[in-house]
Amino acid sequence: MSIASTSPFKVIGTTALSAMLLLAPLVSSAEDQPSPLRTYLAAKREAIQAQSAKTATSTEIHAKVTAESRSGVRRLRIGPTGEFQYISDSGRNYAGYNLGAGSWDSLVGTLASAVADEYIVRAAVQNVPLDGLDVVFTSIPERKSESLAYPNNLSYVAYIDSPATDAQLQALKRAVHENSSAIDLVTRPQQVSHADVEYVHSATVRDPKLPPGLRDFITEEKRPAVLARQVKPGVGKDKPAEPETLVARAHVEPRTGLRRVFLGKDGYHQQLHDSAPELLGYGLAPTVEEHLLGVTGTCLTHIFEVQAASRNVLLDSLELTVDGQVGPRFGSNVHSPARYSDIRYKVRIESPASEQEIDALRQSVEATCPLYNLVKDEQKLEGSIVRGAYAEAAR
């Protein structure tokens, strides 16, 4: 590249050294350059300002979950056309194959990502400089009754690399908790509809020419695993193990704002979340608002399998949809934080069981589904900030 192309001044009749000396004041050192995350925040701030000048509407959320035939794994499709997909599965001790993260782990992961996203958005709004951000989210599940347990004791630690003052960071944290639709979803009781069941009666005896299907998974694999869990320890036997702490880490990619989520202590399963298009999203992954609602659908689908196995109800197909809305974050007509609303579920079941048995199955599912009840109940969530980069960010 010629000197003339990098400077507004013409350099005539000078040596290369003289040219470098002349240009030295015009070239910033690497130390003076903003970090990639600060550059991204500046662009995010411009996008927010542009969005704030427009009239905004709520975002419709749609997700579909299918129990996949002989394996029973739950396939989550997010979006009107199902463009983003995740697999939710159990461990081998619960008739699964560990092909994907379970609903509880995914919930903690989506909450970690949602908190990280809100810190980025509010930092852009408040013009707080950030050079790095990781959020580690934890939950210790508790049993609410003999038949219901779910993740609670929710907390997170935000590892923030920033020159901002303590007062700025605390103001940033307050803004996150006041505005996050995800935090509101799990800390405030939500109005959630009963599942609307579309029942299709199937033959009591399946065609022997057909390959094994969902009823075979329910009866041959899921039922033995479910019944084994229902056996209570006798006198003098070991008590059930205490629930393990659920943990997930969301790492914010500094140049794109994408959140890479590592589930579990070993980070074995990973997920990716993107921003909405109007907030610099790339369309590479779903938004966390979509995924968070979709995760409740995978949990309900799994509990339909569990309760069908427990009650010996044959299922030939099982498909669940979850729909809802989340309000806009920014817009000329926006005067309150974004919130979820109109959350509703619909399940389509093919089964030789009677309508009465299917309705009883639905009732048992709603009474025992962990995430369905977590959303309906009120949870506490605590957060803290630690200065500096996350110790394992480089891994």
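How many cavities of 30 Å³ or more does the structure hold? The structure holds one. This is a predicted model, in which local features need pLDDT of at least 70, side-chain atom pairs count only at pLDDT 80 or more, and totals for chains, interfaces and linings use all residues. Residues are numbered from 1 along each chain as its sequence is written, and side-chain values use heavy atoms, with hydrogens and water left out.

A cavity here is a set of points, on a 1 Å grid over the protein atoms alone, where a 1.4 Å probe fits but cannot get out; lining residues have an atom within 4 Å of a point. The largest cavity has a volume of about 30 Å³, volume being the space filled by probe spheres set on the points. Its lining consists of A114, D117, E118, S180, S181, A182, V288, E289 and R329. By class, three are nonpolar, two polar and four charged, with Asp, Glu, Lys and Arg counted as charged.

Helix 3 (103–126), helix 5 (181–187) and helix 7 (288–311) each supply at least two lining residues; helices are DSSP runs (H or I, at least four residues). Helix 3 gives the largest share, three residues.

How do helix 3 and helix 7 pack, and at what angle do their axes cross? The axes, lines fitted to C-alpha atoms over the stretch in contact, come within 9 Å and cross at roughly 165°. Helix 3 is therefore roughly antiparallel to helix 7, a term for angles over 145 degrees. The contact (heavy atoms within 4.5 Å) includes A114 and D117 of helix 3 and V288 and E289 of helix 7.

Methods: On a 1 Å grid over the protein atoms alone, a cavity is a set of points where a 1.4 Å probe fits but cannot get out, and a pocket is an open set with protein on both sides within 12 Å along at least five of seven lines; lining residues have an atom within 4 Å of a point. Axes are lines fitted to C-alpha atoms, for helices over the stretch in contact, and angles run from 0 to 180 degrees between N-to-C directions. Angles under 35 degrees count as roughly parallel, over 145 as roughly antiparallel, 65 to 115 as roughly perpendicular and the rest as oblique.
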